Amino acid sequence: MIQISKTVRRAAAVLGGIGLGLALTSTASSQTTLERIKQRGQLICGASHGVAGFSLPDAKGEWRGFDTDICRALSAAIFNDQEKSKYISLASKDRLTALQSGEIDVLSRTTTWTLGRDTGFGLNFTAINYFDGQGFLVRKSLNLKDLKALNGASICVAQGTTTELNLADYFRTHGMKYEVIAFAGLDETIQAYEAGRCDAYTTDLSQLAANRLKLKVPEDHVLMSEVISKEPLGPWVRQGDDAWFDIVRWTVYALLNAEEYGVTQANVDEMVKSTNPEIRRLLGSEGKFGESLGLTNDWVVRMVKAVGNYGESFDRHLGAKSQLNLPRGPNRLWTQGGLHYAPPVR
Ligand SMILES: N[C@@H](CCC(=O)N[C@@H](CS)C(=O)NCC(=O)O)C(=O)O
């Protein structure tokens, strides 16, 4: 509903705040985000600068990845066609403003949920799709035993990230010196590390694993074993449209519930006929849960047909069936000792 024009936002900033900006613009357009997406015939999804496994254009230029699958699932739920998304590649430092300004409908790009971001930017975090933590990549030849050995080191990092802030916290609390070399773009950061301008490169562990593959000889670089932060990642929306927030949040939970109940891309058509009430509600064989979101009752069937359940999407892009081969670790379901616990559909 709230289309925040850049002019109004600038005026709001001058007048002293986002709250006023939202108040000013809520009257400017009564269209909901879902209505706007349907009218446009396209979902506009904020993506990364290209991180293997999460969001990266393939050989045909089509965006693929675990974060991209959220937008593919949304597009399938709304249009019954996973290809109706347009992806905007955003640097870390620009991603939150792109969502604030209305340039994108949803930000699905390795973005950590923090209190400051959830309250200070007119944005809402929806649901965790990946539990991550911050790590460090270093040259194997340095033979570093632990992070203490990085005292006095130069460290490459991307601007506008929680990474930058955690780095400062860590070195300060451990009384260690360091030189930070911060870059606006992902490729610049990796190139600087590759060129030897920094002793270490730091970001979320999953991205370190993905970006290590961009280096000339990945085997010459190792991930340090220590993890210095909590990075709960997931999609974000603008504040002010609760119905759209619900759609994005329940998309993540529906894909997790599909995994929990054994609903897969291959068996979803059969599962529609299941007698299990949980599965019947999830897939719209019973109840009107899709309609309550402003979608069709078979919305989850559409999504699972498009991208598979949470575990299938994970395996394809990040796990065993991918180049990254990341372990599920904390991203296992709660039923298997992991942290993912999707609320029930009822
Ligand atoms: N999860 C952290 C960091 C995410 C992040 O954006 N990392 C940098 C590290 S290089 C980045 O540019 N990632 C690649 C990209 O998204 O294009 C955050 O939300 O601030």
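1. In what order do the five strands of the open sheet lie? The order is S10-S9-S11-S8-S12, and the pairing is mixed. Strands here are DSSP runs of E with at least two residues, helices are runs of H or I with at least four, and both are numbered from the N terminus. Two strands pair if DSSP finds at least two bridges between them. Strand S10 (178–183) and strand S12 (221–223) are the edges, each pairing on one side only.

2. Before going on, keep in mind that this is a predicted model: local features need pLDDT of at least 70, side-chain atom pairs count only at pLDDT 80 or more, and totals for chains, interfaces and linings use all residues. Residues are numbered from 1 along each chain as its sequence is written.

3. Look next at strand S9 (residues 153–158), which runs parallel to S11 and is joined to it by two bridges.

4. H8 lies across S9, S10 and S11, and runs at about 160° to S9. Helix H9 (residues 205–212) also packs on the sheet, where it touches strand S8 (134–139), S11 and S12. Angles run from 0 to 180 degrees between N-to-C directions, and axes are lines fitted to C-alpha atoms, for helices over the stretch in contact.

5. Helix H10 (residues 242–260) packs against helix H15 (residues 310–317) at about 95°, with the axes 6 Å apart. The two helices, H10 and H15, are therefore roughly perpendicular (the label covers 65 to 115 degrees). Leu 255, Leu 256, Ala 258 and Glu 259 of H10 meet Tyr 310, Gly 311 and Ser 313 of H15; contact means C-beta atoms, placed from the backbone, within 7 Å.

6. The chain splits into domain 1 (31–130 + 233–325) and domain 2 (134–229), with bounds from an automatic or database domain assignment. Their C-alpha centres lie 30 Å apart. Across the boundary, 16 residues of domain 1 are in contact with 16 residues of domain 2.

7. Finally, the ligand. It has 19 residues around it, and Ser 48, His 49, Ser 92, Thr 112 and Thr 161 come nearest; a residue counts as near if its C-beta atom, placed from the backbone, lies within 6 Å. Among the elements giving two or more residues to this shell are helix H7 (162–173) and strand S13 (231–233). Each of the two domains supplies at least three residues to the shell.

Note on methods: Contact = placed C-beta atoms within 7 Å. Parallel < 35°, antiparallel > 145°, perpendicular 65-115°, else oblique.
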